[in-house]
Amino acid sequence: MKTLFLLLALALGSASAADFVEVGAPLRQAALDPLGGPARKLSSFRGKPLLINVWASWCGPCRAEMASVDRLARRYAGQFNVIGISTDDYRNDASAFLKGARVSFPNYLDHELQLETMLGADRIPLTLLVDANGRILARHYGSKEWDSPQNAALVARTLRIKP
């Protein structure tokens, strides 16, 4: 549903293609609305590579990959940050899913479409790999087993961390 609103917002001009950040460009400043924990700014994650996973509680492929994102986050704890961005319309739905999934990394709610537009989340799940300076290195659409040997190696290579 939010994807439809995102596309409609782009078409009507309340969000523009200029709001989208291409691979190779730095992410812009954005406030993060927490689903538990403190509020932060996206820029507060600079200084260390970052994996951003965009998801929704109603999205089957998002739900399927969440455990592997969490295992990857735990495996590489300290080498890079991992955050989730929920595209849910309702905070309670996102919070209930996270509670059941027992996710260890911080998650935020994007109720104003700002992050969805900037990150290019016209379909989900979406995972972005970002360098320590906030520059997008890679954008991956679709569900993946992120802690598989192949995908963990891809993340380590892209973020230039020790496997």
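The exercises below, each with a worked solution, concern a predicted model.

**Exercise 1. Describe the overall make-up of the protein: its secondary structure, its burial and the range of its contacts.**

Solution. 
Step 1. The secondary structure comes to 5 helices and 7 strands.
Step 2. Along the sequence these elements follow the pattern α-β-β-β-α-β-α-β-α-β-β-α.
Step 3. The protein has 163 residues, and 48% of them count as buried.
Step 4. Take the contacts between residues at least 6 apart in sequence: 69% of these join residues at least 24 apart.

**Exercise 2. Work out the strand order of the sheet, and find which strands stand at the edges.**

Solution. 
Step 1. The order of the 7 strands is S2-S1-S5-S4-S3-S6-S7, in an open sheet with mixed pairing.
Step 2. Strand S2 (40–41) and S7 each have a single partner strand, so one side of each is left without a neighbour in the sheet; these two stand at the edges.
Step 3. Helix H2 packs on this sheet and touches S3, strand S4 (81–86) and S6. The direction of H2 makes about 160 degrees with that of S3.

**Exercise 3. Strand S1 (residues 31–34) pairs with S5 and with S2. Describe both pairings and the two faces of S1.**

Solution. 
Step 1. S1 and strand S5 (residues 107–109) run antiparallel and are joined by 2 bridges. Pro34 has Tyr108 of S5 as its bridge partner.
Step 2. The pairing of S1 with S2 is also antiparallel, over 2 bridges. Here Ala31 stands opposite Lys41 of S2.
Step 3. The hairpin of S1 and S2 has 5 residues between the strands, and Gly36 in this hairpin takes a positive phi near 105 degrees.
Step 4. Leu32 and Pro34 make up the covered face of S1, while Ala31 and Asp33 make up the uncovered one.

**Exercise 4. Show that Cys59 and Cys62 form a disulfide, and give its handedness.**

Solution. 
Step 1. The cut-off is a pair of cysteine sulfur atoms within 2.5 Å. The S to S distance between Cys59 and Cys62 is 2.4 Å, and a disulfide joins the two.
Step 2. By this rule the count is 1 disulfide.
Step 3. The torsion about the S-S bond of Cys59 and Cys62 is about 75 degrees, so the disulfide is right-handed.
Step 4. Both Cys59 and Cys62 are buried.

**Exercise 5. Find the residues that touch the most other members of the largest nonpolar core, and list the contacts of Ile85.**

Solution. 
Step 1. In soluble globular proteins, nonpolar side chains tend to be buried together.
Step 2. The largest nonpolar core here has 48 residues. Leu42, Ile52, Val54, Phe80, Ile83, Ile85 and Leu119 touch the most other members.
Step 3. With neighbours within four places in sequence left aside, the contacts of Ile85 include Leu32, Ile52, Val54, Tyr108, Leu115 and Leu119. Asn53, Trp55, Asn107 and Asp110 are also in contact with Ile85.

**Exercise 6. Identify the buried residues of helix H5 (residues 149–159) and what they pack against.**

Solution. 
Step 1. The buried residues of H5 are Asn151, Ala152, Val155, Ala156, Thr158 and Leu159.
Step 2. These residues pack against strand S3 (50–55), helix H2 (60–75), strand S6 (126–130) and strand S7 (136–141).
Step 3. Arg160 follows H5 and has a positive phi, near 55 degrees.

Note on methods
Residues are numbered from 1 along each chain as its sequence is written. This is a predicted model: local features need pLDDT of at least 70, side-chain atom pairs count only at pLDDT 80 or more; totals for chains, interfaces and linings use all residues. Side-chain values use heavy atoms; hydrogens and water are left out. Buried means under 20% relative accessible area, exposed over 50%, partly exposed in between (1.4 Å probe, protein chains only). Helices (H or I, at least four residues) and strands (E, at least two) are DSSP runs, numbered from the N terminus. Contact means heavy atoms within 4.5 Å. Two strands pair if DSSP finds at least two bridges between them. Axes are lines fitted to C-alpha atoms, for helices over the stretch in contact, and angles run from 0 to 180 degrees between N-to-C directions. A nonpolar core is a set of buried Ala, Val, Leu, Ile, Met, Phe, Trp, Tyr and Cys residues joined through side-chain atoms within 4.5 Å.
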